[in-house]
Amino acid sequence: MAGGAAAQGPAAVAPARSSESGLPLPRFVSLKADRVNLRAGPGTDYPTSWVFRRAGLPVEVVSEFEGWRQVRDAEGATGWVVQSLLSGRRTALVTPWDVKAGKPAPQIAVRYSDSESSRPVVNVEAGVIANVHSCDGRWCRVTIDQFRGYMLQKQLWGVYENEVVK
């Protein structure tokens, strides 16, 4: 969402609770479309409070009601999205908490292997979307554009601290 500061640091692992879909809550998903309405409630009768314009953007599902999912973005804003516009594909934002209005975004290294001493494959700007392939609880294997490599899990918003992604 525009304005405001991103939530500080990566999300901590929250205890999973049951949901209508049978999937764990909370959980991360991504947006399927370049235009997704965030509504004030679970239905088209509720007003649109925001429009996401970035396919692949990670959001956290925090609640479910019929075909609607209450989501939270990296800045902490919540609202309801129709389930059909969400994908189970895992993506993450690179250090969104480091993006400051009017200042250049810091550069973050994507590394050749899962070691801080490994050479960088590429440096990317904070705030870019990474496709998450796997995480071991400390490192995630990611793709950003045509570049593949590893990032520390704590540098990503879209995976929980210590979460294993296969």
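This is a predicted model: local features need pLDDT of at least 70, side-chain atom pairs count only at pLDDT 80 or more; totals for chains, interfaces and linings use all residues.

I started at Thr-78, which, leaving aside neighbours within four places in sequence, is in contact with Leu-38, Gln-70, Val-71 and Arg-72; contact here means heavy atoms within 4.5 Å. Thr-78 sits in strand β6, residues 78-82. Strands are DSSP runs of E at least two residues long, helices are runs of H or I of at least four residues, and both are numbered from the N terminus. Thr-78 counts as partly exposed because its relative accessibility is 44%. For the cut-offs, buried means under 20% relative accessible area, exposed means over 50%, and partly exposed is in between (1.4 Å probe, protein chains only). I also checked Thr-78 against Ser-49: they are 29 residues apart in sequence, and their C-alpha atoms are 9.6 Å apart in space.

Residues are numbered from 1 along each chain as its sequence is written, and side-chain values use heavy atoms, with hydrogens and water left out.

**Whole chain**

I looked up the secondary structure and got zero helices and 15 strands. The chain has 166 residues, and 43% of them count as buried. Among contacts with a separation of 6 or more, 57% are between residues 24 or more positions apart. The exposed surface comes to about 8,600 Å², with carbon and sulfur atoms supplying 50% of it; areas are from the Shrake-Rupley method with a 1.4 Å probe, and for residues only the protein chains shown count as cover.

**Cores**

Which residues have the most contacts inside the largest nonpolar core? They are Leu-31, Phe-52, Val-59, Val-71 and Leu-86, in a core of 19 residues. A nonpolar core is a set of buried Ala, Val, Leu, Ile, Met, Phe, Trp, Tyr and Cys residues joined through side-chain atoms within 4.5 Å. At least two residues of this core come from each of β1 (27-31), β2 (36-39) and β4 (58-65). β1 gives the largest share of this core, three residues. Another core lies apart from it, with 16 residues, including Ala-92, Val-122, Val-124 and Ile-144.

I then picked Leu-86 and listed what it touches beyond four places in sequence: Val-29, Ser-30, Leu-31, Lys-32, Val-59, Val-61, Arg-69, Val-71 and Val-81.

**Arg-90**

Is Arg-90 buried or exposed? Arg-90 counts as buried because its relative accessibility is 17%. It lies in the loop between β7 (86-87) and β8 (91-94). A polar atom of the Arg-90 side chain is 2.8 Å from the backbone oxygen of Gly-158; a polar contact is a pair of N or O atoms within 3.5 Å, where within protein one must be able to donate a hydrogen and the other to accept it, and residues adjacent in sequence count only if both atoms are side-chain atoms. Leaving aside neighbours within four places, the contacts of Arg-90 are Phe-28, Ala-130, Asn-131, Val-132, Gly-158, Val-159, Glu-163 and Val-165.

**Disulfide**

I found one disulfide in the structure, where the term means a pair of cysteine sulfur atoms within 2.5 Å. It links Cys-135 and Cys-140, with 2.0 Å between the sulfur atoms. The link is right-handed, at 105 degrees about the S-S bond. Cys-135 counts as buried because its relative accessibility is 4%, and Cys-140 counts as buried at 0%.

**Hairpin**

β12 (residues 139-144) and β13 (residues 147-152) run antiparallel and are joined by six bridges; strands pair if DSSP finds at least two bridges between them. Ile-144 has Phe-147 in β13 as its bridge partner. The two strands form a hairpin with two residues between them, and Asp-145 in the turn has a positive phi of about 55 degrees.

Most residues other than glycine have a negative phi, and most peptide bonds are trans. Against that, I noted a cis peptide bond between Leu-25 and Pro-26, with omega about -10 degrees. Pro-26 is in the segment before β1. Thr-95, not a glycine, has a positive phi of about 30 degrees and sits in the loop between β8 and β9 (107-111). Asn-162, also not a glycine, has a positive phi of about 70 degrees and lies in the loop between β14 (156-157) and β15 (164-165). Thr-95 is buried at 4% relative accessible area, whereas Asn-162 is exposed at 55%.
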